[in-house]
Structure formats: C-alpha cells, structure tokens
Amino acid sequence: MYEDMGGEETVLNLARAWHTRVMADEIVSHAFSHGFHSEHTERLAAYWAEALGGPTRYSDCFGNESTVVRMHSGNGPHEEMDRRAVACFDEALVDAGLDGHDRLRQVLHNYFEWATTTTMSRYHRSEEEVPEGLRIPKWSWDGLVRDLSPDEV
C-alpha cells in the first residue's frame, strides 16, 4: 500500500491534510485540546507508513502499538468523534491528491475506519488496560494482515 499510494511524501501530505481538517472540526479538535507533540504530523505519517507497509520508523523511534493505543484510551466512548475523524480522513484523501484511484481511496478509508473504531477505541475506561508489547497492525489491499506468531511461521 505504502509504495502504491506514493511513499513517504504522500503519506506525510495525507497526515498534514488530516491534521488540518481535524483541527478545524469542532468535535474532533477536542481530542487535541490538551495539547499534542510538536511533531505530531510527522509521527502520524510514520505510524501510517508503517501500518501500510512502509518503513518501521515509528516502531524504531517512537514506540509500538501499545504506546499509540494508550494515547487514545481512557476517554470513554466517542462514536461521534470517531465518525467525524473518518469523514476528515476521507476529505484529507482528496486534499492529498489520493482521490483519483477509487480502489486505493476505498482501501485507505477502510483502514482508517477500522483503526479508528477498533484498535484506537478499544480501551474506553483506562489507558492502564492496554497490554504491553502490541505491534502496529499492518494493512494491505486485502485488509488487515494477520500477524503470525513465530511458532506459526
């Protein structure tokens, strides 16, 4: 997915476009009201790149899936915010020039919707519930890539 969508620069442009969209959204921007890292967009791009088959920069430099899920946990259910975040992502796909390929746009939408409504919203009550050592889920043209344990390979 990563190379097919245009690699590092395209993923960074998508992250920038999404961040601009969510900051302008009265509901989704609330998630950032407590502040955010000055390199949020770059880290988000690194996370998405890794999830979509690109370099493992996020895991190598910033943390694992447990780190990311903890940032999104302990805030109670927020279905409306999730729905609007997905809508912002769909608009960001257009902003980043990824609207010319229907299948690519649909697969990226499916990835973001899945990540937003499952992994990122699984632990509503507390970030302390998030297990250690989670790996960033990988997504392909066919959806979620099952991560085999070493003894299954």
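Colleague: Which residues does Trp114 touch, not counting residues up to four places away in sequence?
Modeller: This is a predicted model: local features need pLDDT of at least 70, side-chain atom pairs count only at pLDDT 80 or more, and totals for chains, interfaces and linings use all residues. Numbering runs from 1 along each chain as its sequence is written, and side-chain values use heavy atoms, leaving out hydrogens and water. Contact here means heavy atoms within 4.5 Å. Setting aside residues up to four places away in sequence, Trp114 touches Thr119, Pro137, Trp139 and Leu144.

Colleague: Is Trp114 buried, partly exposed or exposed?
Modeller: Trp114 lies in helix α7. Helices are DSSP runs (H or I, at least four residues; strands are E, at least two), numbered from the N terminus. Buried means under 20% relative accessible area and exposed over 50%, with partly exposed in between (1.4 Å probe, protein chains only). Trp114 has 21% relative accessibility, so it counts as partly exposed.

Colleague: How far apart in space are Trp114 and Tyr47, C-alpha to C-alpha?
Modeller: Along the sequence, 67 residues separate Trp114 and Tyr47. In space, C-alpha to C-alpha, Trp114 and Tyr47 are apart by 15 Å.

Colleague: Which residues touch the most other members of the largest nonpolar core?
Modeller: A nonpolar core is a set of buried Ala, Val, Leu, Ile, Met, Phe, Trp, Tyr and Cys residues joined through side-chain atoms within 4.5 Å. The largest one has 42 residues. At least two of its residues come from each of α1 (2-5), α2 (7-24), α3 (40-51), α5 (65-71), α6 (79-95) and α7 (102-117). The members touching the most others are Trp18, Trp48, Leu108 and Tyr111.

Colleague: Why is the packing of α2 and α3 called oblique?
Modeller: The axes of α2 and α3 are 8 Å apart. Axes are lines fitted to C-alpha atoms, for helices over the stretch in contact, and angles run from 0 to 180 degrees between N-to-C directions. Under 35 degrees is roughly parallel, over 145 roughly antiparallel, 65 to 115 roughly perpendicular, and the rest oblique. The α2 and α3 angle is about 125°, so the pair is oblique.

Colleague: How many nonpolar, polar and charged residues make the contact of α2 with α3?
Modeller: Ala, Val, Leu, Ile, Met, Phe, Trp, Tyr, Cys and Pro count as nonpolar, Asp, Glu, Lys and Arg as charged, and the others, Gly among them, as polar. The contact residues include Arg16 of α2 and Glu42 of α3. The totals are 9 nonpolar, 3 polar and 2 charged.

Colleague: Is Leu44 buried or exposed?
Modeller: Leu44 lies in helix α3. It touches Ala15 and Trp18, not counting residues up to four places away in sequence. Its relative accessible area is 14%, so Leu44 is buried.

Colleague: At what angle do α2 and α6 pack?
Modeller: The contact includes Leu14 and Trp18 of α2 and Phe89 of α6. Their axes are 8 Å apart. The pair is therefore oblique, and its angle is about 135°.

Colleague: Which residues does Ser29 touch, not counting residues up to four places away in sequence?
Modeller: Ser29 sits in the loop between α2 and α3. Its relative accessibility is 17%, so Ser29 counts as buried. Apart from residues up to four places away in sequence, Ser29 touches Val22 and Met23.
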